Amino acid sequence: MFKCFKNTLKREIKLLCSRKLYLFGMLLIPLSVLFLLTSLMKSGIPQHIPTALVDMDNTVQTRDIIRLLDSSPEVDIVEKKNSYAEALDLMKQGKVYGIFVIPPSFTKDVAAGRDIQISYYTNNTFYIPGSLLFKGLKTTAKLTSAATVKTYLIEVGASKQQVQNLLQPVNFQTVELNNPWTHYSVYLSTSFVPCALALLIFLCTCYSICSEEKRGTSREWLVSSGDSIVMALTAKLLPQTIVFTAVGVFSQAYMFSFLNYPLNGSVFNIVLAMILFVLANQAMGILVSGVIPNLRFSLSICSLIGMLSFSIGAFSFPMEYMYGSIGIFSYIIPSRYYFLIYVDQAFNGLPMYYSRFYYMALLVFLLLPLFVLKRLYKAHKNPVYVP
């Protein structure tokens, strides 16, 4: 038995080393994603986002608003236009991500106490800059609205204290737990990098299994493993498990040690989560390969699952606010449980006890291949390749 395992393992290592595709899928692409994402957000949060300004009043008061707007760290006024249509053309061309519009007769309407409408528009096709710019423009609009109300109330005889109590009866203090500098990469890179790794694990697992049938070597593969599908799968995926685990642990070390992302819990707990995460995704790949033992179709399904993991994994949008028919799919994706473990162990530093169900969920994924072993054996024992 050991001799069969050794022979199959040598065969698989030789196969991995002979094909550059595995080198790209297992090493170069995941490491490139790691360095690309972390370098893009090395400043922590996008700042000075290009914005167009439309000032139709052009008075001293509106210039004060413009200075207030330009002092916002998210906003960078790069263009000043005379009409909304001109500013909209810039947004369509991708030169600006937002527009801030001050209406005509703004100063006169403030003095007269009339209703004023300040408009701002953002391009949310680019989600992160659009959302941050929306926050900056909204803050400026709110401050401007409060300033105009304050000016009007003082003019009609209210004291400054009365105005303050009316405009801001309750003072709020915001404290960012475990990430006081609001470093966006701490939220995004630590979830998107493992999710990209999961996609590559899906693809490499399915490709390595189903390509045996395509190349007509599936019977040879089984013979080398003593006609045992369990032995064949173990020997085939063990080198990939080691490489993917090494890449995953290196990604963690790079983010938590070199980039100093918060790691408030045990190193062992987060490394264990990565090991189980790699195994769980390989188990999912085996399941897909067994249900659909066809290279083209299985790769398509794995690509779909891997890409949907970025959205339904609830990394940037809470699962509680998703449609129930969509949010339920997050429970069948290993990336979701790894993300929850990261939040508990690395971000909040909770004891492992509070994450026990997430670790157990990753262990449950390891049982999935049991449902397709017989089907996989039949498919490779009597291969019928359908292009």
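Here is a short tour of the model, one selection at a time.

Before you click, know that this is a predicted model, where local features need pLDDT of at least 70, side-chain atom pairs count only at pLDDT 80 or more, and totals for chains, interfaces and linings use all residues. Residues are numbered from 1 along each chain as its sequence is written, and side-chain values use heavy atoms, with hydrogens and water left out.

**Stop 1: the largest core**

Select M26, L197, F244, M274, L362 and F365. These have the most contacts inside the largest nonpolar core, which has 32 residues. A nonpolar core here is a set of buried Ala, Val, Leu, Ile, Met, Phe, Trp, Tyr and Cys residues joined through side-chain atoms within 4.5 Å. "Buried" means under 20% relative accessible area, "exposed" over 50%, and "partly exposed" in between (1.4 Å probe, protein chains only). In soluble globular proteins, nonpolar side chains tend to be buried together.

Now colour some helices (DSSP runs of H or I, at least four residues, numbered from the N terminus). Those that each supply at least two residues of this core include α2 (20–40), α8 (184–215), α10 (229–258) and α11 (267–291). Which helix gives the most to this core? That's α8, with 9 residues.

**Stop 2: zoom in on L197**

Show L197 and look for contacts (heavy atoms within 4.5 Å). Leaving aside its neighbours within four places in sequence, L197 touches P30, F244, V247, G248 and M274. Apart from this core there's another one, of 16 residues, with I49, L69, I77 and I102 among them.

**Stop 3: a charged network**

Next, select R11, E12, E212, R215, E220 and K236, which are linked in a network of salt bridges. A salt bridge is a side-chain nitrogen of Lys or Arg within 4 Å of a carboxyl oxygen of Asp or Glu. The structure holds 8 of them.

Start at K236. Its salt bridge with E12 has the closest N and O atoms 2.8 Å apart. This pair links distant parts of the chain: K236 sits in α10 and E12 in α1 (residues 2–18), 224 residues apart. Is K236 buried or exposed? K236 counts as buried because its relative accessibility is 1%, and E12 is buried too, at 3%.

K236 also forms a salt bridge with E212, with the closest N and O atoms 2.7 Å apart. Here α10 is linked to α8, across 24 residues.

Finish on E212's bridge with R215, where the closest N and O atoms are 3.6 Å apart. Both lie in α8, 3 residues apart, about one turn of the helix. E212 is buried at 0%, whereas R215 counts as partly exposed at 35%.
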